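Here is a short briefing on one protein model. Please look over the sequence and the structure before reading the points below.

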Amino acid sequence: MPEREFTAPTRTQTQLVLRRFRQHRLAVASLIVLLALVLLAFVGGWLWKYSVADFTSDNSVPPSWQHPFGTDAAGRDTFAQVLRGTQISIGISVLVAVFATVVGTVWGTTAGYYRGRLDTVMMRIADLVLTLPLLAVAAVLGHNLGGSWWLIAVVIAGLYWAYVARVARGVVLSLREKEFVEAARALGASDARIIFGHLVPNAFGSIIVNATVLVSVAILLETALSYLGFGVRPPDTSLGLLVSDAQTAVDTRPWLFFFPGLFIILIALTINFIGDGLRDALDPQQTRVRR
């Protein structure tokens with residue numbers, strides 16, 4: 001009787017990463033919670049019967065079926081304000097992560113690949129940015145730029161790209177002498193093709209993990225700026241601004257402070273746990289394809 005040959009199905013790198021991520025239960029649960037918050041903010045805000053600009057006859061009422069998060073002293077629905085604030089805060093954090101990651105990746109990979117004087121000059125500039133007091137500089141620039149949420153995002157990203165550049169440079173320094181880079185050079189590949197076609201994809205794991213961390217850091221920094229009065233300004237709102245406006249009502253109307261603060265904590269925690277899951281899933285020591 002002929003022997004049967006047992007073979008395991010081939011898995012791609014993407015399938016291996018997704019499988020390891022799914023095994024990180026806390027990261028999966030955090031991803032579900034974060035997606036639910038995003039849908040609630042962007043879809044729920046459009047469907048909800050009240051808007052941020054609506055004034056009802058119910059002033060300073062606690063949470064009820066009519067107003068799940070209560071109302072403030074002016075009669076505005078807190079649930080509508082929290083949804084709008086979540087939209088702005090998430091928009092700022094995502095824009096910061098994308099902008100800082102793109103700029104930092106290009107800067108760091110270029111410096112790490114060429115090394116020499118160019119590397120020295122570029123990384124000294126990054127070090128100069130890293131020495132700036134982030135909260136103070138962001139507060140001054142945010143105040144002078146008028147409090148527009150996307151300008152605040154650009155300011156925060158302009159202060160955080162150097163962190164990504166440091167990470168990208170460190171990874172590229174360890175990759176630039178690998179065999180696949182030498183083979184690309186031997187085949188006549190241009191420097192741009194080597195950097196963006198070979199080095200950046202292989203450094204993507206570390207970069208994407210740092211991008212998730214930036215989302216969490218950005219939303220907390222925006223919260224701090226708005227709390228201090230240097231972030232988003234009325235008539236628009238953000239979670240940090242809602243917390244700032246409600247700080248004098250913690251004892252008398254705690255729902256005004258509690259709900260936006262809860263959303264800030266949930267967003268920051270879920271993004272951190274997702275980052276942990278991505279770090280484990282993208283571990284370069286576990287990226288061999290199993291056959």
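Leu-47 is exposed, because its relative accessible area is 60% and the cut-off for exposed is over 50%. Note that the model is predicted.

**Leu-47 and its patch**
- Leu-47 sits in helix 2, which covers residues 25-47.
- Leu-47 also contributes to a nonpolar surface patch of about 590 Å².

**Helix 3 and helix 9**
- Two packed helices are described by the angle between their axes and the distance between the axes.
- Helix 3 spans residues 78-114, and helix 9 spans residues 204-228.
- Their axes come within 8 Å of each other and cross at roughly 135 degrees.
- Helix 3 is therefore oblique to helix 9, since roughly antiparallel would need an angle over 145 degrees.
- The crossing of helix 3 past helix 9 is right-handed.

**Arg-115**
- Arg-115 lies in the loop between helix 3 and helix 4, the latter being residues 116-131.
- Its phi is positive, at about 55 degrees, although Arg-115 is not a glycine.
- Arg-115 counts as partly exposed, because its relative accessibility is 41%.

**Whole chain**
- The protein chain has 11 helices and zero strands.
- Its pattern along the sequence reads α-α-α-α-α-α-α-α-α-α-α.
- The C-alpha trace spans about 75 × 65 × 30 Å along its principal axes.
- The protein chain has 291 residues, of which 42% count as buried.

Methods
Residues numbered from 1 in each chain as written. Predicted model: local features only at pLDDT ≥ 70, side-chain atom pairs only at ≥ 80, totals over all residues. Heavy atoms only, no water. Patch = residues over 30% accessible without salt bridge, like charges linked within 9 Å, V, L, I, M, F, W, Y side chains within 5 Å. Areas by Shrake-Rupley, 256 points an atom, 1.4 Å probe, with all protein chains shown as cover. Salt bridge = Lys/Arg side-chain N within 4 Å of Asp/Glu carboxyl O. Helix = DSSP H or I, 4+ residues; strand = E, 2+ residues; numbered from the N terminus. Buried < 20%, exposed > 50% of the residue type's maximum accessible area, 1.4 Å probe, protein only. Axes fitted to C-alpha atoms, helices over the stretch in contact; angles between N-to-C directions. Parallel < 35°, antiparallel > 145°, perpendicular 65-115°, else oblique. Left-handed = near helix turned anticlockwise from the far one by under 90°.
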